[in-house]
Amino acid sequence: MHDALVDMRNREVAHSDEISIELFPGGDGGISRVARHPLRRSELHVLSRMIEKLASEIERYCEELRKELPLNVWL
């Protein structure tokens, strides 16, 4: 999924102003460039889990850094 997202970003998002939002009868939807099929709900769930995992790791690292900083500064 990561490689697919990076490829999509490189080909479409970073170099295009043609973004669309599509919704489908079953509740699926996605954001896409007009020339590409949107991400489906299952793919969006995978992406969401990836983001949650990364956010958790970032928070863990920030917590470690807070212990090293004077006065337990917020990061």
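Buried means under 20% relative accessible area, exposed means over 50%, and partly exposed lies in between (1.4 Å probe, protein chains only). The exercises concern a predicted model, in which local features need pLDDT of at least 70, side-chain atom pairs count only at pLDDT 80 or more, and totals for chains, interfaces and linings use all residues. Residues are numbered from 1 along each chain as its sequence is written, and side-chain values use heavy atoms, with hydrogens and water left out.

**Exercise 1. Describe the order of elements in the protein chain.**

Solution. Step one: list the elements. The protein chain has two helices and two strands; these are DSSP runs numbered from the N terminus, with helices being H or I of at least four residues and strands E of at least two.
The order is α-β-β-α.

**Exercise 2. Find what share of the 75 residues is buried, and describe the surface and contacts of the protein chain.**

Solution. Step one: buried residues account for 17% of the 75 residues.
Step two: the accessible surface is about 6200 Å², and carbon and sulfur atoms hold 60% of that surface. Areas come from the Shrake-Rupley method with a 1.4 Å probe; for residues, only the protein chains shown count as cover.
Step three: take contacts (heavy atoms within 4.5 Å). Of those between residues at least 6 apart in sequence, 20% join residues at least 24 apart.

**Exercise 3. Identify the salt-bridge partners of Arg 66 and compare their accessibility classes.**

Solution. Step one: the Arg 66 side chain forms a salt bridge with Glu 59 (3.1 Å, N to O).
Step two: Arg 66 also pairs with Glu 63 (2.6 Å, N to O). Arg 66 and Glu 63 are three residues apart in helix α2, so they are separated by about one helical turn.
Step three: assign classes. Arg 66 is buried at 8% relative accessibility, whereas Glu 59 is partly exposed at 39% and Glu 63 is partly exposed at 35%.

Key. A salt bridge is a side-chain nitrogen of Lys or Arg within 4 Å of a carboxyl oxygen of Asp or Glu.
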